[in-house]
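The exercises below are meant to be worked through with the structure in view. Try each task before reading its solution.

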Number of protein chains: 2
Amino acid sequence: MTDFSDKQIDILQAAEKRFAEDGFDGASVRDIAKEANVNVAMISYYFGSKEKLLEALIIYRISGMRMELENLSHEAISPLEKMMKLTELYIARINKNKCMYQILHFELSIKKRAIDIKAYTEVKRKNMDFLNKVIQEGQQQGIFRKDINTPLIPPTIIGTFFHLQMNRPFYEEVLGLTTDEAYENYINTELTNHIKQVIKAYLLHEN
Amino acid sequence: MTDFSDKQIDILQAAEKRFAEDGFDGASVRDIAKEANVNVAMISYYFGSKEKLLEALIIYRISGMRMELENLSHEAISPLEKMMKLTELYIARINKNKCMYQILHFELSIKKRAIDIKAYTEVKRKNMDFLNKVIQEGQQQGIFRKDINTPLIPPTIIGTFFHLQMNRPFYEEVLGLTTDEAYENYINTELTNHIKQVIKAYLLHEN
DNA sequence: TACAAAATTAAACAATTGTTTAAATTAAGC
DNA sequence: GCTTAATTTAAACAATTGTTTAATTTTGTA
């Protein structure tokens with residue numbers, strides 16, 4: 001799976017940066033080659049084509065994106081605490097891989113391309129299974145409300161994060177976040193807390 | 001503002017479709033011209049360039065995107081009911097203009113382009129002002145919790161919607177939505193209800 | 001009808017795109 | 001050290017890109 005040489009990883013990292021910042025169509029193979037300090041022909045030589053480079057990048061990144069849910073499922077904590085930790089893990093993972101998420105979100109919503117996202121779908125499905133278990137556990141213990149729409153919980157977490165990310169310039173101004181550190185700090189404190197509060201309130205609130 | 005001829009509107013609509021489905025860089029002016037049944041040169045003739053076409057499109061669409069918040073602010077209903085109606089209006093507006101939102105979200109997160117989004121920012125700012133008022137009203141009446149992160153409420157609403165939209169193929173399968181009508185119906189019922197429930201719980205829940 | 005402006009067209013444009021080629025360089029195995 | 005394979009390079013490739021040109025058609029007006 002990770003059978004990439006140093007040079008190939010250079011290209012993959014350069015591609016990730018350029019694809020995320022300029023989009024797949026906006027980034028030329030020459031831009032990527034320059035960013036990676038290699039000859040243009042190396043991209044075709046190693047990956048076959050620009051499209052295959054994208055596919056290789058997606059597989060390369062997603063394989064290292066698995067969450068530590070297994071540890072969480074064996075911890076002796078309440079369903080609510082599990083959900084709070086789960087939320088934190090979600091946010092941390094998206095924040096760490098925001099370039100890849102940026103690329104994925106765009107490619108997924110583009111009808112033109114038909115890239116292989118099996119790896120991505122698989123990760124999502126596993127997360128969903130775990131989520132289902134925790135929610136059911138909480139409901140059986142009478143802690144969580146009964147009418148929870150479980151599949152829409154990940155969209156609530158990830159979507160909130162990403163809408164902020166997508167409109168970063170606007171919210172930087174509104175929230176007075178002038179530096180990169182201030183923005184990063186806001187994500188790790190205020191945003192994370194907000195999302196946790198939202199999820200917590202949703203799970204516990206009774207009509 | 002709306003001083004566009006029928007032919008120009010044809011081009012704008014074609015551009016919206018192609019930009020939304022293929023991305024700005026992925027859609028060629030020839031594709032757009034073909035979709036609008038006009039000669040390629042007409043785009044330069046009417047709009048000057050591809051970039052200016054995008055700017056014209058954004059202004060054209062956003063000018064018709066204002067929400068009916070004014071009516072809402074004068075209604076004699078509780079802050080909670082206002083927030084519920086506000087949430088519905090948000091979702092309805094995004095759903096109606098999802099193509100434009102798709103384009104905007106991508107262009108905003110692309111560093112390359114420096115398009116004029118003053119109109120978009122203005123709309124967002126106005127919505128935020130209204131939102132602030134309602135939240136404060138609710139807090140003063142002792143209905144809403146005190147520690148609400150108001151700027152993060154729109155991201156929670158819009159983000160949830162858009163994450164579903166972006167991962168539509170995945171959620172269509174998970175939720176068993178086989179037809180376009182089923183998907184559209186899910187948005188108008190389950191999704192809208194979920195987001196309203198989330199917002200309601202967040203506003204009312206006390207620690 | 002006649003004339004000027006606007007609209008529309010096909011063709012050409014230079015630049016950029018992803019990819020390939022064929023030669024040159026480096027690395028590895030014996 | 002020789003040989004073969006792997007890597008790297010500059011150049012060339014055909015196709016596509018956004019845009020312009022110059023000629024033609026349509027429209028509106030007097």
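**Exercise 1.** In this predicted model, decide how helix 6 of chain B and helix 11 of chain B are oriented to each other.

*Solution.* Begin with the axes of helix 6 (residues 79-96) and helix 11 (residues 180-204) of chain B, which come within 10 Å and cross at roughly 140°. Angles over 145 degrees would count as roughly antiparallel, and those from 65 to 115 as roughly perpendicular; helix 6 of chain B and helix 11 of chain B are therefore oblique to each other. As for handedness, helix 6 of chain B passes helix 11 of chain B in a right-handed crossing. Next, look for the residues that make the contact, among them Leu80(B), Met83(B) and Ile91(B) of helix 6 and Ile187(B), Ile195(B) and Leu203(B) of helix 11. Sorted by class, this contact has eight nonpolar, three polar and three charged residues.

**Exercise 2.** Describe the side of chain A that touches chain B, and say which helix supplies its largest share.

*Solution.* The contact takes 42 residues from chain A and 42 residues from chain B. On the chain A side, the helices that each supply at least two residues include helix 1 (6-22), helix 8 (118-140) and helix 9 (153-166). The largest share, nine residues, comes from helix 9 of chain A. By class, the residues of this side divide into 20 nonpolar, 15 polar and seven charged.

**Exercise 3.** Find the residues with the most contacts inside the largest nonpolar core.

*Solution.* This core has 94 residues, and those with the most contacts inside it are Ala15, Ile157 and Ile199 of chain A together with Ala15, Ile157 and Ile199 of chain B. Taking Ile157(A) as a case, and leaving aside its neighbours within four places in sequence, one finds it in contact with Thr87(A), Tyr90(A), Ile91(A), Ile195(A) and Ile199(A).

Technical notes: Residues numbered from 1 in each chain as written. Chains lettered and ligands numbered in written order. Predicted model: local features only at pLDDT ≥ 70, side-chain atom pairs only at ≥ 80, totals over all residues. Axes fitted to C-alpha atoms, helices over the stretch in contact; angles between N-to-C directions. Helix = DSSP H or I, 4+ residues; strand = E, 2+ residues; numbered from the N terminus. Parallel < 35°, antiparallel > 145°, perpendicular 65-115°, else oblique. Left-handed = near helix turned anticlockwise from the far one by under 90°. Contact = placed C-beta atoms within 7 Å. Nonpolar A, V, L, I, M, F, W, Y, C, P; charged D, E, K, R; others polar. Core = buried A, V, L, I, M, F, W, Y, C linked by C-beta atoms within 7 Å. Buried ≥ 20, exposed ≤ 12 C-beta atoms within 10 Å, placed from the backbone.
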